[in-house]
Amino acid sequence: MKIALMDSGIGLLAAAAAVHRLRPDADIVLSSAPDTMPWGPRTPEEVTERALACARAAAAHGPDALIVACNTASVHALDAIRAELEPALPVIGTVPAIKPAAADGGPFAIWATPATTGSPYQRGLIHDFASGVDVTEVPCPGLADAVERADTDAIEIAVKAAAAATPRTVRGLVLGCTHYELVADRIRAAVEDPAGPPVELYGSAEAVAAQALRRIGAAPAPDAEPSGRLTVLLSGRETEPVAAALAYAEGRSLLSVGAARP
């Protein structure tokens, strides 16, 4: 079994680690294009062009499923990727976890890139799944880029700025960019009042990993022998993982099982 994931950069690590937890025997292909980042400020046409290039590079390695582990790419390019690769290759998009956050009653906030915040796509999800719930949309300029660089100081600055724009009354926080899941603990610490109730964080990694397995008819087998191999593609070139990936537990977990490098 082989599962491919694509993103502009290392935001795909959270979903890749989730895939590995569910099926440690699965081969994993990571396809990204950090030299074209950031995707958020680009036009939909530019995002689609770059996302298709990443998807094609991943598809060339013969995976059983492809996860578009990027909210921006899922908003702008998912239809184009599916039109080109399906039905031969199942393609799973990433949707912000607004539905489960709303089901828990709120109030909640959605942290996302400036391009996604307030977009018709995100507003549509709020309308469909969170009508009548108190929702605050919070743009997080610079946070995804800081996570991509593993720049601790820049991450702290961006997280503090977003936390300051987040009402202290929220009981839930949707991580509307896959990069944010890599710094979930720092985000929780910034928005949670030590004297108040806990704030629930809602990511998408576990859900998309489970959906990928369902699409190919595979059951979770977390106790399987960790025999999966790792292939890393940067702009289509097979290479070593970028150094920043090792700054995060999710990145280190993918290398800790003897995953093969090129």
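This is a predicted model: local features need pLDDT of at least 70, side-chain atom pairs count only at pLDDT 80 or more; totals for chains, interfaces and linings use all residues.
1. Start with strand 7 and strand 8 (residues 200–202): the two pair in the parallel sense, over three bridges.

2. Which way do the residues of strand 7 (residues 172–175) point? Gly 172 and Val 174 go one way, while Leu 173 and Leu 175 go the other. Both sets are buried.

3. Six strands make it up, in the order 4-3-1-2-9-10, and the pairing is mixed. Its edges are strand 4 (91–92) and strand 10 (237–239), each of which pairs on one side only.

4. Within that sheet, have a look at strand 1 (residues 2–7). Five of its six residues are buried, so the strand is largely enclosed by the rest of the structure. Strand 1 runs parallel to strand 2, and six bridges join them. Leu 5 is the one to find here, standing opposite Leu 30 in strand 2.

5. Moving along the order, strand 2 (residues 27–32) runs parallel to strand 9 (residues 230–234), with five bridges between them. To see one of these contacts up close, pick Ser 32, whose bridge partner in strand 9 is Leu 234.

6. Stepping back to the whole chain, the protein has 10 helices and 10 strands. Its radius of gyration is 17 Å, close to the 18 Å that the globule rule gives for 262 residues, so the protein is as compact as a globular protein of that length. The C-alpha trace spans about 45 × 35 × 35 Å along its principal axes.

7. How much of the protein counts as buried? The figure is 53% of the 262 residues. Contacts reach across the sequence too: of those between residues at least 6 apart, 78% join residues at least 24 apart.

8. Last, the surface and the charges. The accessible surface comes to about 11100 Å², with 53% of that belonging to carbon and sulfur atoms. There are 21 positive and 31 negative charges, and their mean positions are 1 Å apart.

Technical notes. Residues are numbered from 1 along each chain as its sequence is written. Side-chain values use heavy atoms; hydrogens and water are left out. Helices (H or I, at least four residues) and strands (E, at least two) are DSSP runs, numbered from the N terminus. The radius of gyration is taken over C-alpha atoms; the globule rule is 2.2 Å times the number of residues to the power 0.38. Buried means under 20% relative accessible area, exposed over 50%, partly exposed in between (1.4 Å probe, protein chains only). Contact means heavy atoms within 4.5 Å. Accessible areas come from the Shrake-Rupley method with a 1.4 Å probe; for residues, only the protein chains shown count as cover. Lys and Arg count as positive and Asp and Glu as negative; His and the chain ends are not counted. The place of a charge is taken as NZ of Lys, CZ of Arg, CG of Asp or CD of Glu. Two strands pair if DSSP finds at least two bridges between them.
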